[in-house]
Amino acid sequence: MLMIKRRKKRTSAVAPRHRLTPSRRTRGSESDNKAASPAGSPSVVVVMGVSGCGKSTIASMLAHRLNWIFEEGDWFHPQSNVEKMHSGVPLTDEDRWPWLHGIAAWIDATRRVGNHGTIACSALKRAYRDILLGNRPDVRLVYLKGEQDLIARRLAARDGHFMPPSLLDSQFATLEEPQADERPIVVSIVPHPRRIVEEIVKRLGKGVAPSSQGVATAR
């Protein structure tokens, strides 16, 4: 069995919670869903796209650029999901609900203590993004858009990631690109990562603020 190499140091506000009850709720508590930042100012940025588009790289660089917290969405997957992906078996929606609700819990914990953060998450379907964005006006979506051939070449060059290139077809088949009402920031993956990050910062606007770096605790 292939094993994932654990990071030596986490930078998240709260550790992933893998054993959440699968639920189709798209909204957290009323208090969690009130904007944690002033109007127009983002608290959390979700960086989405298919595997190989550079989500983790861009989300971590963006967090560093803004002095925000960074979290890797892949680490919220339960072990059963990881084993499926190792084996080249596409995940079902039922596999994904606990993962998505775990990420949503991290988002709300980050917002609740007044922090700012970025998280890399594929979020390929609208139903998935509804769980993460819900009624959270201070959570923004960044979509890293790229052609399948380019992403396939990048995946082929990667080492140590549990998403085999053979699953890329299923990722693109599942992908529902974000619509205007989701207020996405859509950026091409072709430029250098530094240029992508600067474009995102520019489009987030002047409301972007540094994190207070408090400690968030999930309920």
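These are my notebook entries on a predicted model, taken in the order I looked things up.

**Entry 1**

I found an open sheet of five strands in the order 2-3-1-4-5, with parallel pairing. Strand 2 (69-72) and strand 5 (184-188) are the edge strands, and each pairs on one side only. From one strand to the next the twist averages 20°. I noted for background that strands of a sheet pair through backbone hydrogen bonds, either parallel or antiparallel.

**Entry 1. Strand pairs, one by one**

I went through the pairs along the sheet order. Strand 2 and strand 3 run parallel and are joined by four bridges. Within strand 3, Ala-120 is the bridge partner of Glu-72.

Strand 3 and strand 1 also run parallel, with four bridges joining them. I looked up two positions here. Val-45 has Thr-118 of strand 3 as its bridge partner, and Val-47 stands opposite Ala-120 in strand 3.

Strand 1 pairs with strand 4 in the parallel sense over five bridges. The bridge partner of Val-46 in strand 4 is Leu-141. Strand 4 (residues 139-145) pairs in turn with strand 5, in the parallel sense and over five bridges. Leu-141 stands opposite Pro-184 in strand 5.

**Entry 2. Which way the side chains point**

I checked strand 1 next. Which residues of strand 1 point one way, and which the other way? Val-44, Val-46 and Met-48 point one way, Val-45 and Val-47 point the other way, and all are buried. I wrote down that strand 1 is mostly covered, with five of its five residues buried.

I asked which strands helix 2 (residues 55-66) lies across. Helix 2 lies across strand 1 (44-48), strand 2, strand 3 (117-120) and strand 4, and runs at about 175° to strand 3. Helix 5 (residues 126-133) packs on the sheet too, where it touches strand 1 and strand 4. The direction of helix 5 makes about 145° with that of strand 4.

**Entry 3. Helix 5 by residue**

I listed the buried residues of helix 5 as Tyr-128, Arg-129, Ile-131, Leu-132 and Leu-133. The buried residues of helix 5 pack against strand 1, helix 4 and strand 4. After helix 5 comes Gly-134, and I noted its positive phi, near 45°.

**Entry 4. Helix 4 against helix 5**

The axes of helix 4 (residues 93-112) and helix 5 come within 8 Å and cross at roughly 25°. Angles under 35 degrees count as roughly parallel, and helix 4 and helix 5 are therefore roughly parallel to each other. I recorded their crossing as right-handed.

I then wrote out the contact. From helix 4 it is made by Asp-93, Arg-96, Trp-97, Leu-100, His-101, Ile-103, Ala-104 and Ile-107, and from helix 5 by Ala-127, Tyr-128, Ile-131 and Leu-132. By class, the contact of helix 4 with helix 5 has nine nonpolar, one polar and two charged residues.

**Entry 5. Asn-81**

Is Asn-81 buried or exposed? The relative accessibility of Asn-81 is 1%. Buried means under 20%, so Asn-81 counts as buried. Leaving out residues up to four places away in sequence, Asn-81 touches Leu-91, Asp-95 and Trp-99.

**Entry 6. Ala-157**

Ala-157 has its place in the loop between helix 6 (148-156) and helix 7 (168-174). The relative accessible area of Ala-157 is 67%. The cut-off for exposed is over 50%, so Ala-157 is exposed. I also checked Ala-157 against Gly-52, which is 105 residues apart from Ala-157 along the chain. The C-alpha atoms of Ala-157 and Gly-52 are separated by 9.9 Å.

Key:
Residues numbered from 1 in each chain as written. Predicted model: local features only at pLDDT ≥ 70, side-chain atom pairs only at ≥ 80, totals over all residues. Heavy atoms only, no water. Pairing = 2+ DSSP bridges. Helix = DSSP H or I, 4+ residues; strand = E, 2+ residues; numbered from the N terminus. Axes fitted to C-alpha atoms, helices over the stretch in contact; angles between N-to-C directions. Contact = heavy atoms within 4.5 Å. Buried < 20%, exposed > 50% of the residue type's maximum accessible area, 1.4 Å probe, protein only. Parallel < 35°, antiparallel > 145°, perpendicular 65-115°, else oblique. Left-handed = near helix turned anticlockwise from the far one by under 90°. Nonpolar A, V, L, I, M, F, W, Y, C, P; charged D, E, K, R; others polar.
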